[in-house]
Amino acid sequence: EFILLGLSDTRDLQVLFFTFFFLAYALVLLGNLLIIVTVRSDPKLSSPMYFLLCNLSFIDICCTSVTSPRMLVDLLFQRKAIAFEDCIAQLFFLHFVGASEMFLLTVMAYDRYTAICKPLHYAAIMNRQVCWVLVSACWAGGFLHSIVQTLLTIQLPFCGPNTIDNYFCDVPPVIRLACTDIYVIEWLMVSNSGLISLVCFLVLVTSYTFILVTVRVRFTEGHWKALSTCASHAMVVTLFFVPCIFIYFRPFSTFPSDKHICVIYTVLSPVLNPLIYTLRNNEVKASMRKLWKRCR
């Protein structure tokens, strides 16, 4: 088994963290479920953008559910032990849904690029069948990424220290405990996780650059509306990708634990997603008001 050190060993801080993360987890579940129900119940929200948003909300629920429930339980107990099998399972599912979200955010940026830069061809390019293919490819890519990370981890020998300086099992803190030279494994994992994060982020930045250039030329209400949606998307992307690049695109063994930075993409980003996409989107807010009136 492994022992998770968590975010703090001070009891008062643990109570404070439990309250904060419990509220954050509740907001993630309620906010993203509300988005899914709203999009599914309103025929007006049938465009590819809302289809992808619905999938993003589902992935956010999965992503935070991999780490938050276990963290909340551990904050109530002094000894935070996790079995080796449970640790590997957590590592697998975290990278599975995390990589799937990276690919999905990239697809959402492509959707906005097509809508703004190629509006006349948008309906033909981003039809429902294409959306299903792209979302399926995101999940498949996430699975392939995660299975590689997991296979590289489970073949390592663990016979010494078993203390993980984090609140969940992730590749960097786990492979530091291996009783062997991890230089080659470490660089294979960096080239996997780090490059995926960096390449997806660069694709996103490139798409936003094309969008900004297009909007600068075409001053129409529709383009400014689409640009507002992209601004929200860019905020989510920054919160999610920058910490991931910082953590995974460097040698794991030469840097200390970054468990406080992990909070940004495992907790804060899933909390902000429903807030950003609802408070800045009049169509979603109008659909939620209609849904509320029907439920009363």
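Before I count anything, let me say that helices, of at least four residues, and strands, of at least two, are runs assigned by DSSP and numbered from the N terminus. What we have here is a predicted model, and on that definition the protein has ten helices and three strands. If you follow the sequence along, these elements come in the pattern β-α-α-β-α-α-α-β-α-α-α-α-α. The radius of gyration is 20 Å, close to the 19 Å that the globule rule gives for 296 residues, so the protein is as compact as a globular protein of that length. Of those 296 residues, 51% count as buried.

Let me turn to the strands, which pair, as in any sheet, through backbone hydrogen bonds, either parallel or antiparallel. Here three strands form an open sheet with mixed pairing, in the order β2-β1-β3. Because β2 (81–82) and β3 (163–164) stand at the edges with a single partner strand each, one side of each is left without a neighbour in the sheet. Strand β1, residues 2–4, pairs with β2 in the antiparallel sense over two bridges, and Phe-2 stands opposite Ile-82 in β2.

Which residues of α10 are buried? They are Val-284, Ser-287, Met-288 and Leu-291, and since the buried residues fall within an arc of 105° when seen down the axis of α10, they line one face of the helix. On the other side of α10, Asn-282, Arg-289 and Lys-293 are exposed.

Definitions and conventions. Residues are numbered from 1 along each chain as its sequence is written. This is a predicted model: local features need pLDDT of at least 70, side-chain atom pairs count only at pLDDT 80 or more; totals for chains, interfaces and linings use all residues. Side-chain values use heavy atoms; hydrogens and water are left out. Two strands pair if DSSP finds at least two bridges between them. Buried means under 20% relative accessible area, exposed over 50%, partly exposed in between (1.4 Å probe, protein chains only). The arc is that of the directions from the helix axis to the C-beta atoms. The radius of gyration is taken over C-alpha atoms; the globule rule is 2.2 Å times the number of residues to the power 0.38.
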